[in-house]
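Hi,

Here is the structure I promised to pass on. My notes on the helix contact and the aromatic rings follow below.

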Amino acid sequence: MFGNYLTVAIRHLLQNRLYTFISMFGLAVGLAASILMLLFAQDELSYDKHWQNADRIYRITVTTTLPGKTGQSSTRLSGGIGEPLFEYLKEDIEYFTRFDHINPFFSIGDAIHNEYIRRTDKASADMFDFEVISGDIHKALSDNSGIALSETLARKYFGDEDPIGKVIGLTFLAANRDFQVRAVYRDLPDNTVLRLPALITINEADSPWRFGWLDDSFYLYVQLKPGADITRIEPQFNDFIDNMMPLPSDFGADVKPSELISLSAQPLTEIHLKSDVSGREMKPAGNMQSLAITLAITSLVLLIACINFTNLSTARSTQRAREVALRKVLGASRRQLIIQFIGESILLALLASFVGLVIAELVLPLLNNFSGKQLGLDYTDLSAAGVLVLLAIAVGILGGIYPAVVLSGYKPSAILKANQSSDSRQSVTFRNLLVVVQFTIAVVLMVVTVVIYGQTQYALNMDTGYERENKIVVQHTGRKGVREKRDLLKQRMLSLPEVASVTYSIVTPSSKKGYNSDFFVKHPDENAQQPMYAVGRNIIGYDFFRTFGIQLLAGRGYSPQYAMDGLPEWNKAVGNNGIVGSIVVNESLSKFLGYTQPQDAVGEIVKIPIGEIPGSVVFGDIEIIGVTPDVKFHSVRNMVRPEAYIFIRSKDAPLIDMTIHFTGSRKRATRQVENIWRELFPEIPFVQKHLNQLVEAEYEQEMRISTIMTTLAVLAVILACLGLFGLATFSAERRVKEIGIRKVLGANTSDIVRLLVWQFSKPVLLANLIAWPIALWTMSRWLQNYPYRLDDWLLLPICLVASLAALAIAWGTIIGNALRVAKAAPVKALRCE
Amino acid sequence: MIKLKNLNKSFRTGDIETLALNGISLEINAGDFVAVMGPSGCGKSTLLNLLGMLDTPNAGDYFFDGENISDYHESQLTAIRKRNIGFIFQSFNLIDELTVEENIELALLYHKISTKERRLRVREVMDKVGIGHRAKHMPSQLSGGQQQRVAVARAVVGRQRLILADEPTGNLDSTHGADVMDMLQALNDEGTTVVIVTHNAAHADRARRIINLFDGSIVAENKKAA
């Protein structure tokens, strides 16, 4: 019996190669996409689960709610919080460790390199089970002269030699001393949020400023004692802050420290997908929402493939009515027939999943390359194989059940009577319904993809208020050795014919540096509850506005012609009466200070802290000399807030980047800039970026998601059309007789083409009707996430275009076939009878 | 009305070429009632298909109303066909998904006729062939004789001048067969030209001319006195 089923099944599949191909290939592609996305999801969800103590490790994050700012969460906090917090909660916390980020020069022998490494506490060696290849990591972190290197870094500098005991000179922050290599550890796996190229211990004297309460340089991790409960510990964070955090009285007498600063604990294993502060992690973070959306879309693609499968099986099955009738006449029971047809369907699905695996293997390198992951199919993983087989069987049953039930229910007498079409009205309706579902999905996906892409492009290309083209950003200008020669460096740069303008600053667009930095102005309202108000701070040098092409709305920028321009050094002007400096503000700050027109602000006085006497901050009178438009200097993800552009009258101002506006070829300009740098600072590496690259890097994540979405959406449309093509071909074949009759009665080619095309346009049009509200609702909500976004009304034309595209693609799919059928001589059609 | 000159038609199956019609010359005048007879495979249906412009000859000339249409394009043939020719088939060839009424109306859909006029004509012709009470039925609910009445109604609803019937009684019992022949006779009496292919000598006898085909050639023609 089974042999007979199999023979019939295989012959049937071979006889109908086109449908077999569409069903199987579509399903294989859908399954391949699912396999890949599941692998991807599995990896995303596996982050940091491999650490032995993963379930007891938490990261402490901070939310700072300064007056004038909405609460700002940060994944990093002051270096001064770890130890007191540990002491305060000693009963529950077993270890704490901190990581910060330094960018030292490495001197090995005569060579100088630049590396990003981390400082940490020695407890890291107890909390995280590093796989040590040689040496002893506890020893490396036991004092501030040891260093532990990752395998990659050890190999980079020492090749195959044993690095243990070798000496590396490190220059960073305020430190300049030798470190001895005491351990080499295996590179951390990809699925961890930690990036630790090398580790040294934290020494407060190397950077005392990173330990002030409002600093945010350190990631803080704690490991709970076995049995300790985080839900019981978290509520104690507020008490800790109120008891342990000194607060300047200027924030107002009634303000409790915990109202300004609050801590929370985040499980280590959730950091990767639930970090909502992008750019403030050691690595690009994942995103639970994007992952969920991607998985949802993948299931939709699979659904489309399953629908093709069901639709074509149902359609084809009507051709087998005669076989069913004969089997029934010969004694087959309904149950046996159902088993036969579902069995065939499962066979096809299993074949498809095999092809799907092959496709997944072929595409995997592309995905890895694109995602930066090292994903692989593990054929020894029986549970994964089981899932795939079960999935295939489920798809087989789903695809086969409808035709099996319908077919097995036919009455043999009705079928065997000649001249009777066996395709029932219900099954035609059923198929059309499924086509509607497919195209609804396809149109929604098209709209979603276009809107996401559009929003990304909009953000990338929107007028940010500064010029982005032809700018080279050179780092390290705040370093000792460079700092002293900044004027000379600028002079030399300006002597180059390609260089139009040069400026120094602490921030460059999209660098994320300094976004969080605030300074305070006295609230313009004398009776305000909080007398100090936090505004954004951009520390800049001369020619900043010119270099970035920012036109001031009123007043002027800083100039060396005015000796009193800018803010005085801290404490230098305390006790002076009258105006002690000047400031440039943006339009928002000017409005906040009460000036309706930018020109009203110019020449006015604002009170800004310029130093302190024991117990209190001293405010100085600062004159507003210029007002800029609200330049979106940091990121277009956030609204511009009141900000000031500050010039500090000090040789030591933290102007860490130099931005050069050049003309002509970028390559040539970069080479000339580099030559001068090497001449002036032979011992300091030349590190430069193009401003455009910095801005684009900020949108890497969005671009990546948008690429995945586009791929899936295109796949969905292709699969939906493939299904439609199959159905159209089938329908044309089934209607050959009808078409013949119509032609005999005088229908010409265009009448027939119109008939066939219209038949399939109906479900597609209906699908559009359903898709529009879904797409409009979803995407207008999604756009709400962005302060600067596409106009809502743009969704309508996007929907319209997506619909037209869907219709055009559908027509393109059907029309060739329809033409072929319609052009055939009518006698051929009738001869089939 | 129709003049065929040395018409040839052959079919090719693989390497074998079969000559279905060989040098057919024939003239059919308006108002004729012609029966085509001959054994299976002699080319009767092929001849009818050529006459009905459902197929094109390999050689020879076909004059319709004095126009040589032998190398007309498909769309030109369609235009002539739908104005002038109605078909009746042995297997009825009704569209299963359409009702009786809709099947008949189909023949008018490709003409520029208003909906109202279409309905009127369909009603008229249904009454004429006696299936008015079955208007809303599907073909599968009708007997063979009734289905063929629908086919006849469809063939004449466009007021075609020429009716081509390919063994219209082949699938019917003798009573129903006679019915159909009566209808064709009546149409011819009203001036419609009728060409039928049949195996039934009695039915052929009702025609005014009988043409005998054998192996693709006309071997005999009997004309009755008017």
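The crossing of α12(A) and α13(A) is right-handed (the near helix is turned clockwise from the far one by less than a right angle). The axes of α12 (residues 321-329) and α13 (residues 334-371) of chain A come within 11 Å and cross at roughly 145°; axes are lines fitted to C-alpha atoms over the stretch in contact, with angles from 0 to 180 degrees between N-to-C directions. Helices are DSSP runs (H or I, at least four residues) and strands likewise (E, at least two), numbered from the N terminus. Glu323(A), Val324(A), Arg327(A) and Lys328(A) of α12(A) touch Leu337(A), Gln340(A) and Phe341(A) of α13(A), with heavy atoms within 4.5 Å counted as contact.

This is a predicted model, where local features need pLDDT of at least 70, side-chain atom pairs count only at pLDDT 80 or more, and totals for chains, interfaces and linings use all residues. Residues are numbered from 1 along each chain as written, chains are lettered from A and ligands numbered from 1 in written order, and side-chain values use heavy atoms, without hydrogens and water.

Now the rings: there are 28 aromatic pairs over all chains (Phe, Tyr or six-membered Trp ring centres within 6.5 Å; planes under 30 degrees apart are stacked, over 60 edge-to-face, the rest tilted). Trp51(A) and Phe130(A) pair edge-to-face, at 6.4 Å centre to centre and 65° between the planes. Trp51(A) lies in the α2-β1 loop and Phe130(A) in the α4-β7 loop of chain A, so the pair ties together parts 79 residues apart in sequence.

Best wishes
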